[in-house]
Amino acid sequence: MDNPRIAVVLGSRSDLKLFRASKMWEVFTACLIPWRLAVLSAHRHDNDLWMFCEEMQHHGVCAIIGAAGMTPALPGALAAKTGGAIPILGVPLSTASPDSFMAIYGITGLPPRTVAAAFGFNEPGLINAAIFAAQLVALVDGQVAERLAHHLKNKALEKPPEYDIPLAELEKET
């Protein structure tokens with residue numbers, strides 16, 4: 001893609017399964033936001049990660065979503081390498097391990113001036129990060145704001161409320 005507005009960086013090819021399941025790109029597609037996907041490990045591809053961050057700064061990317069396993073390394077490395085010039089949205093991709101909460105704690109505990117926002121785990125976190133990234137693009141592009149509002153309204157209408165219980169019925173049970 002020539003001029004992406006949003007970049008998504010996965011820490012490993014094994015993260016593609018959760019990426020696919022989330023369908024987070026639907027947000028970008030619905031809003032007509034050019035985006036780019038890369039698989040770069042903060043541990044194994046340090047030089048490539050540095051060059052990627054420089055390239056994204058050159059393209060004027062509005063946000064980078066860093067999604068990886070049970071450590072804050074990828075969002076932290078992206079934040080350090082962009083120097084605060086691009087908002088970093090960290091999404092921990094985890095197993096059911098209690099240790100996986102360390103990823104969120106790590107993202108929220110990055111040192112001062114190494115800024116990354118932390119989102120929830122796995123698919124919900126990826127979708128929310130995609131929406132937030134689109135909101136950042138919408139700050140500089142009013143058409144994206146309109147498309148995003150339309151997309152979110154349509155998504156809300158796809159699934160009607162599961163629990164639409166009148167208050168009177170709830171009071172009967174107490």
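This is a predicted model: local features need pLDDT of at least 70, side-chain atom pairs count only at pLDDT 80 or more; totals for chains, interfaces and linings use all residues.
**Entry 1. Surface and chain**

Residues are numbered from 1 along each chain as its sequence is written, and side-chain values use heavy atoms, with hydrogens and water left out.

For burial I used these cut-offs: buried means under 20% relative accessible area, exposed over 50%, and partly exposed in between (1.4 Å probe, protein chains only). Of the 174 residues in the protein chain, 42% are buried.

I then read the secondary structure, taking helices (H or I, at least four residues) and strands (E, at least two) as DSSP runs numbered from the N terminus. The protein chain has eight helices and five strands. Along the sequence I read the pattern β-α-α-β-α-β-α-β-α-β-α-α-α.

I counted a contact where heavy atoms lie within 4.5 Å. Among contacts in the protein chain with a separation of 6 or more, 74% are between residues 24 or more positions apart.

**Entry 2. The sheet**

Two strands pair if DSSP finds at least two bridges between them. I found an open sheet of five strands in the order β2-β1-β3-β4-β5, with parallel pairing. β2 (35–39) and β5 each have a single partner strand and stand at the edges, so one side of each has no neighbour in the sheet.

I next followed β4 (88–92). Five of its five residues are buried. Ile88, Gly90 and Pro92 point one way from the strand, while Leu89 and Val91 point the other way.

On one pairing, β3 (residues 63–68) and β4 are parallel over five bridges, and Ala67 stands opposite Val91. In the pairing with β5, I found two bridges, again parallel, and Gly90 stands opposite Ala118.

Which residues of α5 (residues 101–108) are buried? I found Ala103, Gly106 and Ile107. Seen down the axis of α5, these fall within an arc of 95° (taken from the directions from the helix axis to the C-beta atoms), so they line one face of the helix. Tyr105 and Thr108, on the other side, are exposed.

The buried residues of α5 pack against α4 (73–82), β4 and β5 (117–118). I recorded the angles from axes that are lines fitted to C-alpha atoms, for helices over the stretch in contact, with values from 0 to 180 degrees between N-to-C directions. α5 lies across β4 and β5 and runs at about 165° to β4. Helix α6 (residues 122–138) also packs on the sheet, touching β1 (6–10), β3 and β4, and its direction makes about 170° with that of β4.

In the loop between α5 and β5 I looked up Thr114. Thr114 counts as buried because its relative accessibility is 19%. Residues up to four places away in sequence aside, Thr114 touches Gly76, Ala79 and Ala80.

Leaving aside neighbours within four places in sequence, I found Gly125 in contact with Val91, Phe119 and Gly120. From C-alpha to C-alpha, Gly125 and Leu89 are 9.7 Å apart in space and 36 residues apart in sequence.
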